[in-house]
Amino acid sequence: MHTRIFLIGFMGSGKSTLGSQLARRLDYQFMDMDQLIEDTAELSIPEIFQEHGEAVFRKWEHDILLELCSRDKLVISTGGGAPCHSQNMDLMNANGCTIYLSLSPLALQNRLIRSSTERPLIKGKSETELLEFITGLLEQREKFYEQATHSVNGISLRSEELAKLLLDS
Ligand code: S3P
């Protein structure tokens with residue numbers, strides 16, 4: 001069993017919810033990268049984007065990831081863009097097991113409609129704009145997500161299934 005399990009995937013794919021459940025099952029510690037960035041900066045993600053810009057957020061995201069790679073027995077929920085910047089996908093694959101939670105643009109839209117204000121990249125978008133945005137960005141990001149050790153269908157996924165996948169591999 002790998003000592004670091006990274007859950008990757010688009011916003012709304014269930015990384016944080018499943019990650020905390022999986023950590024409990026494996027008796028690993030759960031780490032939410034966005035939460036760690038917010039705690040360190042003492043700012044919310046929207047405030048970081050607004051006050052410092054996305055480039056600074058990506059730098060902090062990479063720094064947090066580097067730090068997590070020196071710690072053991074962790075399940076890490078990564079931000080949706082993390083695998084697509086600063087060679088983070090290579091870093092995660094070299095330091096643990098990556099699991100891509102895959103969902104269709106429509107399924108993601110359904111989940112994200114309710115949480116668009118907490119996420120600066122989708123804030124203020126209508127339902128149609130949101131679907132177009134997800135479709136376009138997912139297409140760009142999939143080449144990174146698909147480098148994961150495992151890809152799983154994120155619909156109705158249970159932490160039990162993830163634990164089994166890890167134990168069987
Ligand atoms: C982002 C996803 C967010 C957060 C930030 C940027 C992205 O994390 O890191 O708003 O680029 O997709 P979640 O995937 O946890 O929503």
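**Notes on the ligand site and the aromatic rings**

1. Let's start at the ligand: one of its oxygen atoms lies 2.5 Å from an N or O atom in the side chain of Lys15. Please keep in mind as you read on that this is a predicted model.

2. Two further side chains are worth a look in the viewer. Asp34 has a side-chain N or O atom 2.7 Å from an oxygen atom of the ligand. For Arg58, a polar side-chain atom is likewise found 2.7 Å from a ligand oxygen atom. The protein covers 95% of the accessible area of the ligand, which comes to 390 Å² for the ligand on its own.

3. Which residues come nearest to the ligand? There are 13 residues around it, and the nearest are Lys15, Asp34, Arg58, Arg119 and Arg141. As for the site itself, the ligand sits in the largest pocket.

4. Now to the aromatic rings. The structure has two aromatic pairs.

5. Are the two partners buried or exposed? Phe49 has 15% relative accessibility, so Phe49 counts as buried. Phe57 is buried too, because its relative accessibility is 3%. The cut-off for buried is under 20%.

Conventions:
Residues are numbered from 1 along each chain as its sequence is written. This is a predicted model: local features need pLDDT of at least 70, side-chain atom pairs count only at pLDDT 80 or more; totals for chains, interfaces and linings use all residues. Side-chain values use heavy atoms; hydrogens and water are left out. Rings of Phe, Tyr and Trp (its six-membered ring) pair if their centres lie within 6.5 Å; planes under 30 degrees apart count as stacked, over 60 as edge-to-face and the rest as tilted. Buried means under 20% relative accessible area, exposed over 50%, partly exposed in between (1.4 Å probe, protein chains only). A residue is near a molecule or strand if one of its heavy atoms lies within 4 Å of it. A polar contact is a pair of N or O atoms within 3.5 Å; within protein, one must be able to donate a hydrogen and the other to accept it, and residues adjacent in sequence count only if both atoms are side-chain atoms. Accessible areas come from the Shrake-Rupley method with a 1.4 Å probe; for residues, only the protein chains shown count as cover. On a 1 Å grid over the protein atoms alone, a cavity is a set of points where a 1.4 Å probe fits but cannot get out, and a pocket is an open set with protein on both sides within 12 Å along at least five of seven lines; lining residues have an atom within 4 Å of a point. A molecule sits in a cavity or pocket if more than half of its atoms lie within 2 Å of its grid points.
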